[in-house]
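Q: Please go through the cavities, the surface and some backbone details of this model, and say in each case what the terms rest on.

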Amino acid sequence: MKSASWTSLGLAALTAVAALPVQAQTMGYDQVGAGSDEAASPADSPSGGGKPGRGERGKGTRRLEVTPYIEIDQIVDAQLSPGNDVLTYTQLAAGVDLGISGRNNAASASVRYERYIGWGRKAQDGDAISGIVRGYATITPGLTLEAGALATQARVQNGGSALSAGLTNDGTRTNIYSVYGGPSFKTRAGDVDFSANYRAGFTKVEQPDAYVAVPGGAAGDLFDKSVTQVADVEAGVAPHVVAPVGLGVAGSIYQEDVSNLDQRVRDMQARALVTVPVSRTVQVVGALGYEDVEVSSRDAVRDADGNPVVGRDGRYVTDKSAPRELAYDVSGLLWDVAVMWRPSRRTSLSAHIGRRYGSTSFGGTLAYAPDDRSQLSVGVYDSVSGFGGQLGRALDQLPDDFVAVRDPVTGELRGCVISLDGNNCVSGALGSVRSAVYRGRGIAASYSREIGRLNAGIGAGYDRRDFIAGRNTVLAAADGVIDENWWIAAYVSGQLGRDAGWSANVYANWLTSTDALTGNVEGYGATLGYYRMLARRLRATMALGIDGVTRNDPLYDDYWTASALAGVRYSF
């Protein structure tokens, strides 16, 4: 797998996701009672392995590509605003790019370690680990194991807004890690189709303190870590087996335990499904069932003056003796109606509307690949979770066959991957790293195309988060806060003969919040890179980049930097 060095979007946009295939927070239909394979819509299913582009697993050519490398670069970072500092760094890096595909397994990975050595007092030393991994393996027929991981950096500022990390180490640079895995099982007993899935995940943000935007001001509590568990089961028969329509039953549970103040999200549902085949390519699925969704937490320990106590780790100390307080409690009937259209294996459309979380809920997916050199993916989603749950869903939605996108100057992951298979971006999930749970709704779209020796693509999305917190806890200030994040990115890269290549890209994101601590933040950037092979395994690289952050707060100056890199990489 060849590496790619183009930027797609700032980490302030990392992840406006399509719905997670395995979760208790989306209505799922999959093959249960679906009948014709042409009409089934795995893109909107809670079953693992049912994502767009995965129906052809095991039919591709076998491939094994492992490319470890070492790299040394010289970087100049010039501050354009508000100051004019010019900092110089030597960057030492080691990493590996990996691609595996076979009859019963597939995986892609890009993992990199960097060490920065600053020249001068203002250029601080530092290091970073970044990587993205996604894959599956078939254990036995019908049983697969899915797994993925992400390590990246962000610059956390204001009330929790997450921006592109950059080079400067000013204490706001934060490491973010997420990992998940679990089995997916499908089988048939007579006329009954059966599927079951389980996922467990862990997410960690290494920001030690509750960030204070203004000295003496209120603190915005930042996410620490969470454990997520998701399980679902379905059983049903296809149309014209026992009745003219397909019949099925399904149940699922989602739970996320957030360490901050023992927050817990628990979403349970059970439903009956009826599939009505309208034509060979169209079918309608109706669901009726019961849901129980709760968000709860505890308060912080208070001192004699009633102020929350902060521990040595810089986090609020949870009062374990305090009873749980319900911040969100919705139970009762749920219903949903979905229309699915699949005229061919290259086109799949699913749209649904119903009642969830006590109000109207809608979503859907579109996967369209008109040929082997282009693809379009669109996802509309609605779920209740914490930061870790949404990041895990975005990671799980990535394809198994991809090339990671990295900034050619800093080496950072930039939220998207190059692939002609399914949803390509985890762009939007890092828009805010508040610790509070939220209802997240939005849309993400990506289009990529190969044109001769050129690779081109564009991604865009919108993510809205309505935060939920106990009114009698230290998180009360977050209750009712709304964060909105718009993002867009475009890239193009190509070859110049056999031994050289180039890349160019731009990105922009706009984060608005009703929280005065966060305010409105806008991020922009562009990079241009060039490489040439000096020998069979030795490559020289030059790159230029510019990044900027603007705010509508007079207390903060706009921040713009320009950077340049020259270096060499040796691949083993």
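Q: What makes the space of about 140 Å³ a cavity?
A: The largest cavity, with about 140 Å³ of space, bears that name because on a 1 Å grid over the protein atoms alone a cavity is a set of points where a 1.4 Å probe fits but cannot get out. The volume is the space filled by probe spheres set on the points, which are joined across faces, edges and corners. Among its 17 lining residues, Tyr 180, Gly 201, Thr 228, Gly 392 and Arg 393 are the closest to the centre, where lining means having an atom within 4 Å of a point.
This is a predicted model, in which local features need pLDDT of at least 70 and side-chain atom pairs pLDDT 80 or more, while totals for chains, interfaces and linings use all residues. Residues are numbered from 1 along each chain as its sequence is written, and side-chain values use heavy atoms, without hydrogens and water.

Q: Why is Leu 92 called partly exposed?
A: Its relative accessibility is 35%, and partly exposed is the range between buried (under 20% relative accessible area) and exposed (over 50%), with a 1.4 Å probe and protein chains only; therefore Leu 92 counts as partly exposed.

Q: Why is Tyr 357 called buried?
A: Tyr 357 has 4% relative accessibility, so it counts as buried. Its phi is positive, about 55°, although Tyr 357 is not a glycine.

Q: Why is Asp 262 called buried?
A: Asp 262 has a relative accessible area of 15% and is therefore buried; phi of Asp 262 is likewise positive, near 55°.

Notes. On a 1 Å grid over the protein atoms alone, a cavity is a set of points where a 1.4 Å probe fits but cannot get out, and a pocket is an open set with protein on both sides within 12 Å along at least five of seven lines; lining residues have an atom within 4 Å of a point.
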